[in-house]
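Please open the model in your viewer and keep the sequence panel beside it. The stops below proceed from individual side chains to helix packing and then to the whole chain.

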Amino acid sequence: MKREYWFIIIVYIVMQFSSLIGLPVLMWGFKSLGISQNLAIPIWLIASFSLALLIILFLLRKEIKADSFNKRDRTFGYSVMWAFLGVFLALFAQYVAAIIETLLGIKMGSENTQHILRIIDLFPLAIIVTSIIGPILEEIVFRKIIFGVLHKRFNFFISALISSVIFALAHQEPVHILLYSAMGFTFAFLYVITGRIAVPIFAHVAMNTMVVLVQTVYKDDIDRLRREAEAVQNFIGGFL
């Protein structure tokens, strides 16, 4: 694996754990200045994710330039087509995985998603992390680097499986490993079929943005539907 890739993975890991030190310090500073400590979480997320993205893009600057030059005209239309199709493909994969999880008795809803929505309600600007910066970082780390390196040695299925499981576990919701893995497989497929990391990035960004907007605008309706689905699930479970 390239040296730059190792640095990128280190930067990503440091970013994920930076809140253990940085967040308490920021909360202390906000308390001293009379600023609401609740704002410390979204502000730290924006700062840490933005800094990590800048560092990672700097480390990839030569590769990005070479990739843009080599593929500027050759497959642009094909990539655009798959970028848009990829959004619906990712949503469909997520939908199928959610149905399977329900049949397996796994409770609907994601704690991770609910936590993100609470942060956005508190500080709307945090949506740039969940909908833009986060997906870009994840596609670079999990698809371009981890999947890309594995795919040089193994076939698509093995490479996608390993990278998708790692991607799922990184979200710290092992109960929904099937849901996250399904999305991981989809984004890996988009990367392989087009050869452009920008394609799964676009699909991931669009999907996250749609999910956040829908969950925010139709929050009450979604909560009602979730309660009804859980009631049906409990009834079927009790009947069986």
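Is K2 buried, partly exposed or exposed? Select K2: with a relative accessible area of 41%, this lysine is partly exposed. Here buried means under 20% relative accessible area, exposed over 50%, and partly exposed in between (1.4 Å probe, protein chains only). The model is a predicted one, in which local features need pLDDT of at least 70 and side-chain atom pairs count only at pLDDT 80 or more, whereas totals for chains, interfaces and linings use all residues. Residues are numbered from 1 along each chain as its sequence is written, and side-chain values use heavy atoms, with hydrogens and water left out.

**First stop: the salt bridges**

Helices (H or I, at least four residues) and strands (E, at least two) are DSSP runs, numbered from the N terminus. E63 counts as partly exposed, at 23% relative accessibility.

Because K144 lies in helix 7 (residues 127-151) and E63 in helix 4, the pair ties together parts that are 81 residues apart in sequence. K144 counts as buried, at 15% relative accessibility. With the three residues displayed together, one sees a network of salt bridges linking K2, E63 and K144.

Now select R143 and E139. These two residues also form a salt bridge, their closest N and O atoms being 2.7 Å apart. Both lie in helix 7, four residues apart, about one turn of the helix, and both are buried. A search of the whole structure finds three salt bridges.

Two packed helices are described by the angle between their axes and the distance between the axes. Axes are lines fitted to C-alpha atoms, for helices over the stretch in contact, and angles run from 0 to 180 degrees between N-to-C directions.

Select helix 5 (residues 76-103) and helix 9 (residues 177-194), which pack at an angle of about 160° with their axes 8 Å apart. The two are therefore roughly antiparallel; angles under 35 degrees count as roughly parallel, over 145 as roughly antiparallel, 65 to 115 as roughly perpendicular and the rest as oblique. Contacts (heavy atoms within 4.5 Å) involve, among others, W82, L89 and A93 of helix 5 and L179, M183 and F187 of helix 9.

**Last stop: the whole chain**

Finally, display the entire protein. How many helices and strands does the protein have? Its secondary structure comes to 11 helices and zero strands. Of its 240 residues, 40% count as buried. Among contacts between residues at least 6 apart in sequence, 75% join residues at least 24 apart.

How values were computed. Salt bridge = Lys/Arg side-chain N within 4 Å of Asp/Glu carboxyl O.
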